[in-house]
Each structure stands twice: as structure tokens, then as C-alpha cells.
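Morning, everyone. Please have the viewer open and the sequence beside it. I will keep this short.

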Amino acid sequence: MKSGLKVTPLEAWIALKTGSTGSTLTREQVERYQLSRLNDSIARARTLSPFYRRHLAGMARAAVARLEDLAGCPLTTPADITAHAMQMICGSQSEISRVVTLDTSGTTGEPKRVYFSAADQELTVDFFRCGMSTLVGTGDKTMILLPGERPGSVGDLLRQGLLRLGGVPVAHGLVKNLPAAVEAMCREQVTCLVGVPVQVLAMARYWEKWQGSKRAPRCALLSTDYVSAAIVSELRRIWQCEVFEHYGMTEMGLGGGLECQAHQGYHLRENDLYFEVIDPVSARPLPDGEYGEVVFTTLTRQGMPLIRYRTGDISRFIPEPCPCGSSLRRLARVQNRLNSRVVLGEHQAITMAELDEVLLALPAVADFTAEVVYDRPAKLTVQVEILSGDITHSEQVILNSLRLIPGVHMAERAGLLAIGARIAHYFPHYSGKRSIRIMEGVRSAT
Ligand SMILES: [Zn+2]
């Protein structure tokens with residue numbers, strides 16, 4: 001361990017959960033535990049869930065002998081949840097205490113429903129308790145800027161986890177009124193913020209302009225969406241705060257992995273989830289270090305287990321040991337999702353992550369939306385939202401920023417892309433994971 005760098009608290013927590021008796025957790029111990037849990041999960045799903053009985057029918061009955069052999073098991077997809085959620089439930093529906101409905105970002109309009117038992121939620125509260133101890137301790141105030149009104153919602157489970165570690169949660173919910181949220185943050189003198197990346201950025205920029213003399217939070221945890229380097233550097237500049245990233249999605253039981261003080265990838269929740277990275281086209285598992293699609297299997301989920309579930313997120317395992325000294329696996333920052341990439345011609349592509357880096361780096365920009373109409377040429381239009389009273393950008397500035405993205409620059413020069421920009425006043429909104437909206441143009445079909 002490097003001096004001054006605290007080993008992730010997830011290490012000791014997972015050692016305890018996996019029944020490790022020694023003082024240090026080894027990969028062998030984690031993997032032995034995972035293999036045993038994996039076989040239990042598969043056997044249970046086959047016995048209790050009509051969906052998995054069918055889905056896994058072609059798989060050998062014998063236990064999976066090595067973790068690598070899981071590659072022979074079929075993948076599950078978000079479409080499976082949309083179509084078969086009820087049949088994925090194991091056991092009686094009366095054991096289900098929380099149903100989370102996710103709006104799909106796709107075009108089908110069919111929502112996904114994910115079901116959790118009380119025991120599933122308890123495991124998430126415990127993960128949040130342990131994970132948050134990376135950032136805060138007894139008596140620290142944490143403002144929760146995530147949905148928390150309903151029992152079992154992410155904000156509610158996080159609040160319970162914070163209480164267990166002796167912290168003081170300040171439940172707020174998603175930011176709907178920016179001045180009120182910043183005012184509450186200053187009034188409560190919070191130590192830590194947990195929120196949606198663009199919403200926390202908007203708070204920092206608002207605070208800098210109107211509330212700059214007030215106390216700043218010491219740290220922030222960003223969750224629910226891709227975190228751009230532009231946001232992290234702005235939060236560090238404005239608040240001088242330490243910025244942590246959480247990786248999770250509802251299907252993971254809301255929590256999946258968390259950065260340690262080294263800020264070099266997420267340490268994974270390996271006691272509850274088994275992660276793989278696969279080639280998104282061939283579905284073959286990839287060696288550590290190579291980028292591919294993140295796939296996970298729940299190891300302890302009771303209500304609705306997910307076996308080899310495709311996340312659509314692109315990342316890689318980091319093969320090198322973490323500077324904090326933990327032996328837990330790390331996943332590199334998720335920068336792309338399969339559905340957030342717009343392909344233009346043979347060699348050019350644009351991602352939401354690239355748009356984030358150039359547009360959110362502009363002063364006073366709080367958020368933006370992007371839309372591509374596939375036409376001849378394709379048309380990329382961004383609507384950049386600026387904090388009110390602060391409009392200093394011309395549309396030309398926005399267009400020049402877009403041209404800093406190599407894919408935009410080259411596609412425009414090749415006549416494959418036209419770009420446009422609009423400027424609007426910011427109002428706080430949240431629509432899940434942000435992505436480029438894609439539409440077919442009138443001429444593209446001809
Ligand atoms: Zn670490």
C-alpha cells in the first residue's frame with residue numbers, strides 16, 4: 001500500500017462475506033467463493049424460474065467446474081427482462097418487496113421491471129454502508145441527490161446505509177430547482193454529495209457564481225451515468241473536492257463497484273456479482289485488459305437472478321494491481337455504451353462521451369442534448385443548456401467545440417456530416433442515462 005492511500009474498505013468487507021479466514025484476501029479465495037455461488041444461483045434459477053428453465057435447457061446439468069466455463073452458458077439481455085420479467089422471478093411473488101420499473105431508452109416503449117426481495121435490498125444497503133465509508137465517516141453529512149421518496153429506492157437504500165455507518169444523510173432527491181438545491185447544500189453544510197454527474201456539475205457552477213463564499217463539500221460521489229473528465233476537473237477546480245465514481249445499474253441491485261482513493265477504476269462488488277468482459281459481436285470472453293461489453297451474473301440475488309446479463313457498457317478489466325493494495329478486481333471507467341455510438345461512414349464515429357468532454361468543458365454549460373438524423377449527409381444537432389443570466393457562448397463557439405472531436409471534424413470534411421447548435425436556458429431534468437438520440441432522415445431510405 002502506498003503511504004497515505006487507504007485500501008478500499010470493500011476488501012475487508014468482501015473477505016468477511018466470502019468466509020476468508022486470513023488477514024488478506026486472495027484471488028483464489030474470492031474465485032472459490034464465486035464458483036460455489038454461481039453454481040447455486042444457476043441451480044436455483046433452473047428450479048424456480050420458468051424463464052431460466054427454458055433459457056438454460058441446452059446447458060449441461062453438471063456443475064460449472066471453472067469460472068471460465070460459464071462462457072458456455074447463454075447470455076440474457078434487457079429484452080429478456082422486458083418480455084419475461086415475471087417468469088424470471090424465483091419463488092413466490094409475495095416475497096418480492098420492491099419492483100423497480102425502468103424506462104427504456106430505446107424505441108420500443110416497453111418498460112423493464114426488475115424485482116427485488118427484502119434480502120436483496122438488505123445486501124445493497126450493506127454494500128452502500130461499506131462503500132460510503134470510503135468517502136465519509138461518523139457524523140459526516142451526505143446530501144443524497146438521487147430518487148429516494150419510495151421505500152427501497154436508491155436514495156432510500158443509500159440513506160439506510162449511511163445511517164448504519166454513523167453518518168448523517170440529508171435526503172434531497174433529484175435536483176429539480178437548482179437554487180434551492182444549492183441553498184440546501186450550503187445551509188446543511190454537507191460534507192459529501194451523491195448525485196447525477198451533470199446535476200452535480202450544474203450545482204457547482206451555480207455555487208461558484210452565486211454562492212461562492214459559502215462552504216464547499218469535501219467530496220462528491222457521481223453515479224447513474226457516464227462521468228466525463230470535464231466534470232471531474234470542474235468539481236475539483238470549483239470546490240477543491242475529491243470526486244469518486246460509482247458504477248452500478250438497477251439490474252445490478254443498484255450498486256456494482258466503487259473507486260478507492262487511488263481513483264483508478266471501480267473495485268467490484270465481487271461477493272454479490274460475477275463480472276465478465278466479452279466481445280460484443282462474437283460474445284467470446286476477452287482477456288483482461290481488452291475492451292468489450294460488461295456482462296454480470298448475480299451470485300446472491302433471490303428475487304430475480306440475472307445470469308450473464310449484457311449491460312451494453314464498454315469497459316475492460318485493469319490487470320495491474322491497484323495502488324491501494326486491494327486484490328479486488330477493477331473495471332476501468334465506463335466511457336461508452338453500445339447504444340451511444342453514432343457511426344458515420346467507414347471510419348468515423350461519435351460517442352456521447354466525446355460530446356460530454358468538449359461541451360461540458362465550456363463555462364456555464366450545465367447540460368446538453370444531442371440528436372443525429374441519419375440522412376445524406378447526417379445531421380448532428382446539439383442543444384446546449386446554459387445557466388440563466390450567464391449566456392456568453394455563441395453558436396459558433398459550440399460548433400468549433402464540436403469540431404475538436406476527430407470523428408466530427410473528419411466526417412464534416414468528408415461531406416458525411418452537417419452540424420448545428422442551439423443555445424437554451426438550463427432547467428434541471430433527469431432522463432436516465434444520457435445518449436445521442438438517433439433518427440432516420442427522409443432521404444436515407446431512398
Ligand atoms: Zn484500490
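First, the ground rules. This is a predicted model, where local features need pLDDT of at least 70, side-chain atom pairs count only at pLDDT 80 or more, and totals for chains, interfaces and linings use all residues. Residues are numbered from 1 along each chain as its sequence is written, and side-chain values use heavy atoms, with hydrogens and water left out.

Now the overall chain. The chain has twelve helices and 20 strands. Helices here are DSSP runs of H or I with at least four residues, strands are runs of E with at least two, and both are numbered from the N terminus. The C-alpha trace spans about 65 × 60 × 45 Å along its principal axes. How does the radius of gyration of the chain compare with that of a compact globule? For 446 residues the rule gives a value near 22 Å, and the chain has 22 Å, so the two agree. That radius is taken over C-alpha atoms, and the rule is 2.2 Å times the number of residues to the power 0.38.

Of the 446 residues, 55% count as buried. Buried means under 20% relative accessible area, exposed means over 50%, and partly exposed is in between, with a 1.4 Å probe and protein chains only. Next, contacts, meaning heavy atoms within 4.5 Å. Among contacts between residues at least 6 apart in sequence, 67% join residues at least 24 apart.

On to the metal. Which residues are the protein donors of the zinc ion? They are C260 (SG), H267 (NE2), C322 (SG) and C324 (SG), at 2.1 to 2.4 Å from the ion. A donor is an N, O or S atom within 2.8 Å of the metal (3.2 Å for Na, K and Ca); water is not among the atoms, so sites may look incomplete. Along the chain, the donor spacing reads C-x6-H-x54-C-x1-C. C260 sits in the loop between β8 (257–259) and β9 (266–268), while C324 sits in the loop between β12 (309–315) and β13 (330–331). That pair is 64 residues apart and links distant parts of the chain. Both C260 and C324 are buried.

Why is the zinc arrangement called tetrahedral? Because the four donor atoms subtend angles of 107 to 113° around the ion. For four donors, tetrahedral requires all angles to lie between 85 and 135 degrees. The ideal angle for four tetrahedral donors is 109.5 degrees.

Next, strand β7, residues 242–247. Five of its six residues are buried. β7 pairs with β6 (residues 219–222) in the parallel sense, over four bridges. Pairing requires DSSP to find at least two bridges between two strands. L222 has E245 in β7 as its bridge partner. From β6 the chain crosses through helix α9 (residues 229–239) to β7, in a right-handed β-α-β crossover. Right-handed means that, with the strands pointing away from the viewer, the path from the first strand over the helix to the second runs clockwise. β7 and β8 run antiparallel, joined by two bridges. There, H246 stands opposite L258 in β8.

Now another parallel pair. Strand β3 (residues 141–145) pairs with strand β4 (residues 168–171) over four bridges. K141 stands opposite V168 in β4. The chain goes from β3 through helix α6 (residues 154–164) to β4, and this β-α-β crossover is right-handed.

Look at helix α10, residues 352–359. Six of its eight residues are buried, so the helix is largely enclosed by the rest of the structure. Its buried residues pack against α9, β14 (336–337), β16 (348–351), β17, β18 and α11 (395–402).

Last, single residues. Y33, in helix α2 (residues 27–48), counts as buried at 12% relative accessibility. Leaving out residues up to four places away in sequence, Y33 touches K17, T18, E270, N271, L299 and T300.

Then the backbone. R376 and P377 are joined by a cis peptide bond, with omega about 0°. P377 lies in the loop between β17 (365–374) and β18 (378–386). Q240 is not a glycine, yet its phi is positive, near 50°. Q240 lies in the loop between α9 and β7 and counts as exposed at 64% relative accessibility. A283 also has a positive phi without being a glycine, at about 70°. A283 counts as partly exposed, at 24%.

Note on methods:
Tetrahedral: all angles 85-135°; square planar, octahedral: opposite > 155°, others 65-115°.
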